[in-house]
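Let's take a friendly walk through a protein model, one piece at a time. Keep the picture in view as you read.

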Amino acid sequence: MINKKDICVIIGSYPQNHMDTALVSLTLEGFKRQGYDTCLVSHTPLSYDLQKSSTYTIISDENFALDFPSPSSIGVFFANENMYYQTNWGNRMGVHSLAILMNIKNALYLLKNKKYKSFIYAECDTVLNSNDHKLLESKLNEIDFMNKDYWFMIENSNHLIVPVTTLFGGNINYFDNILSPISDETSYLNTCEPANSYSLESLFSVLFCMNVDEKGYLDYVKPREIFSSKWLGISNYGSISIPEWENEFNVELDIVKQRGGDENNIFFVLWFSDKQEPITIKFYKDNVLLNVVKTTTGILHHWAYDMGHSVVWKAEVYYEDKLFKVIEKTTEEILWNIWSFFENKDWNSKIN
């Protein structure tokens, strides 16, 4: 059985507005009501009420932004019988991972000196309902959590083993020892190198998944497959999707290289959207207008243009007759980013 007196829940936070603060409060209160002590960590200021609500609070200014030395393989992908597309969103996924890691290390140092044995780490939007908390406790008892070095849920992404970093836990001394050599950007990036990517998931994959410790536990299940709360994980890169509300409209547009065929084309890719809205997109090559397209968000769209001797590619998205988003990349950075590409299995398709 887990002994909650020997466990402290570390809650990672980065509140930017009142909605972020509300999520931190709900996550914090949920674990407190289960009888856990809590340690709230952040590299931005926290309200006095939040600080009072947590057993411990650590606020650090170690808000590092990583500069990746090579393209990261971590990203999203889509495939069907005709095409394959993957992207790391301009090689920016995971730039704040070192800052998050330093928050975790600061908490581990404190909790070790406070004589706790184990910890659970939860991101600020780990809002679980009462049934989910019971399920989590049952799972921890089932795997004998108090005697495990670590516990991670696992997501399989594009044939990669990706540990979930929004909810995990383990032995404080074990984690403190494993993470102690990583103290700056250089040591972080060097440790991630075998994974070809630099997110926190990549780091933990190297440290905990490539050579599984006999006292570690990898749980091949995704959080949303076992937990029922609609509020779980609703914060994503600064955007919060409140369940059963009309969520804010957004457009994800990407510019990537061609893989396969003559590899002489640049692709603009409009990612999936939960909302179907009419938009207009203007495509530019070296500041010369190539095309104006009227389309509707929802499904994935793509447009290809001959690379030629281009230098800069740009797209402007207009929504409700107003400029909504601009994306711009140089040909050099598009070709350099080898993990972001579009591959069509029928290269006889029309190229603009």
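A polar contact is a pair of N or O atoms within 3.5 Å; within protein, one must be able to donate a hydrogen and the other to accept it, and residues adjacent in sequence count only if both atoms are side-chain atoms. This is a predicted model, in which local features need pLDDT of at least 70 and side-chain atom pairs count only at pLDDT 80 or more, while totals for chains, interfaces and linings use all residues. Residues are numbered from 1 along each chain as its sequence is written, and side-chain values use heavy atoms, leaving out hydrogens and water.

Start at serine 197, in the loop between helices α6 (185-192) and α7 (200-209). Helices (H or I, at least four residues) and strands (E, at least two) are DSSP runs, numbered from the N terminus. The side chain of serine 197 makes a polar contact with that of serine 202, at 2.4 Å. Serine 197 has 2% relative accessibility, so it counts as buried; buried means under 20% relative accessible area, exposed over 50%, and partly exposed in between (1.4 Å probe, protein chains only).

Next, look at helix α3 (residues 97-113). Its 17 residues should span 24 Å at 1.5 Å a residue, which agrees with the 25 Å between its end C-alpha atoms; the expected span is 1.5 Å times one less than the number of residues. Among the buried residues of α3 are Leu98, Leu101 and Leu108.

Finally, find the open, mixed sheet of six strands, ordered β4-β5-β19-β12-β13-β16. Two strands pair if DSSP finds at least two bridges between them. Strands β13 and β16 pair in the antiparallel sense over six bridges, and valine 269 has histidine 302 in β16 as its bridge partner.
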